[in-house]
Amino acid sequence: MTKRILSGRGKIFFPAVLSLLLTAAPLSTEASAVAQTRLGSEKGEDARTLGRKLIRKIDLNYPNVHGEVEEYLNRYPESPVKDLVNFKYALYNFNNEDYAAAGAAFAAADPRSLTSAQKDEYLFKKGYCHLRSGENGEA
């Protein structure tokens with residue numbers, strides 16, 4: 001089978017394609033902008049996938065997830081799931097009775113991106129974190 005692929009037109013086709021690629025003109029600024037937009041959306045998809053994996057780790061109560069959350073949020077500040085990551089991380093800290101860290105994570109999450117059930121839990125637990133931290137006015 002290998003001999004069949006390499007014999008005949010294949011010997012001519014691959015060098016011809018290679019020469020076309022090497023002599024191709026650089027992208028115009030418009031085409032370059034389109035390519036960058038596509039790359040940006042691919043990065044968003046990649047960030048979403050990594051965010052979903054991180055959310056599963058948080059839900060499974062992985063130990064020492066703090067560094068991974070911080071690294072993810074620093075690397076992908078515009079991630080489409082960053083608010084959900086912050087919310088889940090806040091719940092992780094809340095369940096471990098670290099109310100100061102939970103309050104900070106709740107503050108970083110945007111409640112508009114949460115479901116109505118998550119929003120109710122967000123508001124209640126964020127208020128509870130304020131009470132436990134002595135911030136009665138914020139609660």
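Helices here are DSSP runs of at least four residues, numbered from the N terminus. The legends below describe close-up views of a predicted model.

**View 1. Helix α4 and the pair E71 and R75.** Helix α4 covers residues 66-75, and E71 and R75 both lie in this helix. The two residues are four apart, about one turn of the helix. An α-helix has 3.6 residues a turn, so residues three or four places apart point the same way. The side chains of E71 and R75 meet in a salt bridge, with 3.1 Å from N to O. E71 is partly exposed, its relative accessible area being 43%. R75 is exposed at 53%, since exposed means over 50% relative accessible area.

**View 2. Helix α5 along its length.** Helix α5 consists of the 14 residues 82-95. Of the 14 residues, 12 are buried, so α5 is largely enclosed by the rest of the structure. Among the buried residues are L84, F87, K88, L91 and F94. E97, which follows α5, has a positive phi, near 60 degrees.

**View 3. The salt bridge between K88 and D59.** The structure holds six salt bridges. One of them joins the side chains of K88 and D59, at 3.5 Å from N to O. K88 lies in helix α5 and D59 in helix α3 (residues 29-59), so the pair ties together parts that are 29 residues apart in sequence. K88 has 19% relative accessibility and therefore counts as buried, because the cut-off for buried is under 20%. D59 has 46% relative accessibility and counts as partly exposed.

**View 4. The packing of α5 against α7.** The two helices pack at an angle of about 50 degrees, and their axes are 11 Å apart. On the α5 side, the residues in contact are L84, F87, L91, F94 and N95. On the α7 side, they are Q118, E121, Y122, K125, Y128 and C129.

View 5. K125 lies in helix α7, which covers residues 116-132. K125 is buried, with a relative accessible area of 14%. Leaving aside residues up to four places away in sequence, K125 touches L91, F94, N95 and F106. L91, F94 and N95 are also among the α5 residues that meet α7.

**View 6. The salt bridge between K125 and E121.** The side chains of K125 and E121 meet in a salt bridge, at 2.9 Å from N to O. K125 and E121 are four residues apart in helix α7, and are therefore separated by about one helical turn. E121 counts as partly exposed, at 30% relative accessibility, whereas K125 counts as buried at 14%. Both K125 and E121 are among the α7 residues that meet α5.

Definitions and conventions:
Residues numbered from 1 in each chain as written. Predicted model: local features only at pLDDT ≥ 70, side-chain atom pairs only at ≥ 80, totals over all residues. Heavy atoms only, no water. Expected span 1.5 Å × (residues − 1). Buried < 20%, exposed > 50% of the residue type's maximum accessible area, 1.4 Å probe, protein only. Salt bridge = Lys/Arg side-chain N within 4 Å of Asp/Glu carboxyl O. Axes fitted to C-alpha atoms, helices over the stretch in contact; angles between N-to-C directions. Contact = heavy atoms within 4.5 Å.
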